[in-house]
Amino acid sequence: MKIINSRYILFLGLAVLAGCSSSKTVPYEAKWNAPFSFVDEVKPDQVDQKSRLRYGIINDDQFVYITLKTKDPNTIQKILSNGLRISFSPEGQKKDGYYLLFPVIMREDRKALKRIDTDLPNSLGLDILLDSYNKEALWKDKQGQHSINLVVGEGSIKSHISMDKDGELTEQIAIPFNLMAVNVKESQVMGVNIKIDGSSSQSGFSPRIGIGLGGGIGMGGGMGVGFGSGNGYGNNQADRAVDIRLEVQLARATFNP
C-alpha cells in the first residue's frame, strides 16, 4: 500500500509540475482594421501578467497586424538577446505550421548586447543594435525557413522593433494571410503563440550586420534610457518567461446597408 501511495504521490506531483510549465490558451477577439496603416500601430488592449508584455491584434481581409509592448527590463532583455518567435496555427492546418522569428539574433549581437549593458550606459549602442535588427526577419512556412529582407520590403511581411525615450520596447509585425493560405471569409479562428525563441539565428543573410562590426548606422539622437536590469546578460528568470498562447477570433468586415 505504501508503494502504491508513493507512486500515486509522485505521479500527482509530476502532473502538477507539467500543468505549471504549460501555458494556458487565452481567447482573444481581433478587431477589424478600418482603416489602418502599419506605421499607425495597433493599440495593445491585453497584457500577459507573467511577462508584462502587452499585445493587440487586428486584421483585415489581407493582413493580420500584431503590436507588442513592454517596459519590463527582464522581458526586454530576453527579447533583445533571444528574439521572439510568433507562431500561427490557421484553422484546419498544422499547429504552429508558420512562424516569424524577429528580431533575428546573431552571435555577435549577444556579445554586443553584453557590452551595451556594461560599457555603454547611453543609448547609442542600443540604437545601432535595433537598427541592425530591423534589417531582416526569418519566416517559416511549408517550404521551410526563408530570410526576409525588411529593408527592401521583400515578400510584403513587415516587422519593426524600437524603444522610446521612456524605455518602452515596441515590436510591430504585419503578416499577409495569403502566406498562410488563410481566407478570412472562410476562417474564423487562428492560433497565435508568442514566445521567446531561445536559439540563435542561422540565417547567414548577407546584408545582416551586428553592432560589433561598427559602422555609424545609428538612428540619431540618444534616447536617454538604459534597459539593463542589473542582473547581467543571460538572466533566465522563470517568472518573466514569455509564452503567450492565444486563440484569435478573426474579425470580419461589417457593412452598413
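Me: Is Lys-165 buried or exposed?
Reply: Exposed, in this predicted model. Lys-165 has a relative accessible area of 60%, and the cut-off for exposed is over 50%.

Me: Which residue does Lys-165 form a salt bridge with?
Reply: With Asp-166. The closest N and O atoms of that pair are 3.9 Å apart.

Me: Which residues do salt bridges with shared partners join into one network?
Reply: Arg-54, Lys-69 and Glu-168.

Me: How many salt bridges does the structure hold?
Reply: There are 6.

Me: What about Lys-31, which residue does it pair with?
Reply: Lys-31 forms a salt bridge with Asp-45, and their closest N and O atoms are 2.6 Å apart. The pair links distant parts of the chain, 14 residues apart. Lys-31 sits in strand β2 (residues 31–32), while Asp-45 is in the loop between β2 and β3 (46–48).

Me: Why does Lys-31 count as partly exposed?
Reply: Because its relative accessibility is 45%. Asp-45 also counts as partly exposed, at 34%.

Me: Moving on to Arg-52. What is the distance between the closest N and O atoms in its salt bridge with Asp-72?
Reply: For Arg-52 and Asp-72 that distance is 3.5 Å.

Terms used: Residues numbered from 1 in each chain as written. Predicted model: local features only at pLDDT ≥ 70, side-chain atom pairs only at ≥ 80, totals over all residues. Heavy atoms only, no water. Salt bridge = Lys/Arg side-chain N within 4 Å of Asp/Glu carboxyl O. Helix = DSSP H or I, 4+ residues; strand = E, 2+ residues; numbered from the N terminus. Buried < 20%, exposed > 50% of the residue type's maximum accessible area, 1.4 Å probe, protein only.
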